[in-house]
Amino acid sequence: MVIEYLLKTKRDRGAGYLLLIDPDKINKGEFPGFIKEASSSGVDAFLVGGSLMLTNEFEATLKTIKENTKTPVIIFPGSVSQVSSIADAILFLILISGRNPDHLIGNQVVAAPIIKRAGLEAISTGYMLIDGGNVTSAEFMSNTKPIPREKTDIAVAHALAAELIGLKLLYLEAGSGAKQSVPDEMINKIAQHCSLPVIAGGGICTPEEARNKIKAGASFIVTGTVIEQNSDSKVIKEFAQAIHKS
Ligand code: 1GP
């Protein structure tokens, strides 16, 4: 089970590094080599997905990753069309920070039978959008309001609701390309009050920023944009080292 693998990674390495792959943004020729290098540079799992998909590369991307690594591949769906049995698991997202019924139950009802038929492991995840200083694709496409950065109490109450509902993970998301990542103070308060493992993502640009989020209480860090802009394995290694305990 991928969820067991993730929890074991947290136990053994202190925290986990999740690398987000957007199928619209890959360089096909270099991609197989990139996946091999990323796997040997300390990436603990690949997330695959995007708020929008303008190309038809979703399944081909999953296939290429699976052919080039044994590292787990987890779908991070931007829409109900992003379901495939090629992946090892899917984050079954519930956008709990919003009040849009489509993202609270509508899309889940549409996707659930497809996920079951595909035999995919679904990891129920409370997804919380936090204001990152700019309007991101996640905010615009979901038609929901992010939680204000300074409203730590509101964020904690949402995290507690996710725990009581019985979700397995909590994803604190500032949005891809956010100007500011999720505040460390918010991660810290949530980790103090809520027992769910926290994934932090959106706008994380440096290994030091990633490390600070782990110190604040995050269990997993996601980076997308920073590695799309510089896919040097040295940079991936620096992130992995900052995220894993030394
Ligand atoms: C987006 O949290 C991820 O869903 C990653 O964001 O692209 O800003 O790293 P970045």
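At what angle do helix α2 (residues 31-40) and helix α3 (residues 58-68) pack? The angle is about 50°, and the axes of the two helices lie 9 Å apart. The model is a predicted one, in which local features need pLDDT of at least 70 and side-chain atom pairs count only at pLDDT 80 or more, while totals for chains, interfaces and linings use all residues. Residues are numbered from 1 along each chain as its sequence is written, and side-chain values use heavy atoms, with hydrogens and water left out.

Two packed helices are described by the angle between their axes and the distance between the axes. Helices are DSSP runs of H or I with at least four residues, numbered from the N terminus. An axis is a line fitted to C-alpha atoms over the stretch in contact, and angles run from 0 to 180 degrees between N-to-C directions.

Helices α2 and α3 are therefore oblique to each other; angles under 35 degrees count as roughly parallel, over 145 as roughly antiparallel, 65 to 115 as roughly perpendicular, and the rest as oblique. The crossing of α2 and α3 is right-handed, a term that applies if the near helix is turned clockwise from the far one by less than a right angle. In contact (heavy atoms within 4.5 Å), Phe-31, Pro-32, Ile-35 and Lys-36 of α2 meet Thr-61, Thr-64, Ile-65 and Asn-68 of α3. These residues comprise four nonpolar, three polar and one charged. Here Ala, Val, Leu, Ile, Met, Phe, Trp, Tyr, Cys and Pro count as nonpolar, Asp, Glu, Lys and Arg as charged, and the others, Gly among them, as polar.

Helix α8 (residues 207-216) and helix α10 (residues 233-243) have axes that come within 8 Å and cross at roughly 20°, so α8 is roughly parallel to α10. On the α8 side, the contact is made by Pro-207, Ala-210, Arg-211 and Ile-214, and on the α10 side by Glu-238, Phe-239, Ala-242 and Ile-243. Six of these residues are nonpolar, none polar and two charged.

The ligand is surrounded by 14 residues, counted where a heavy atom lies within 4 Å of the ligand. The closest are Glu-173, Ser-176, Gly-177, Gly-203 and Thr-225. An N or O atom in the side chain of Glu-173 is 2.4 Å from an oxygen atom of the ligand. A polar backbone atom of Gly-203 lies 2.7 Å from a ligand oxygen atom.

Conventions
A polar contact is a pair of N or O atoms within 3.5 Å; within protein, one must be able to donate a hydrogen and the other to accept it, and residues adjacent in sequence count only if both atoms are side-chain atoms.
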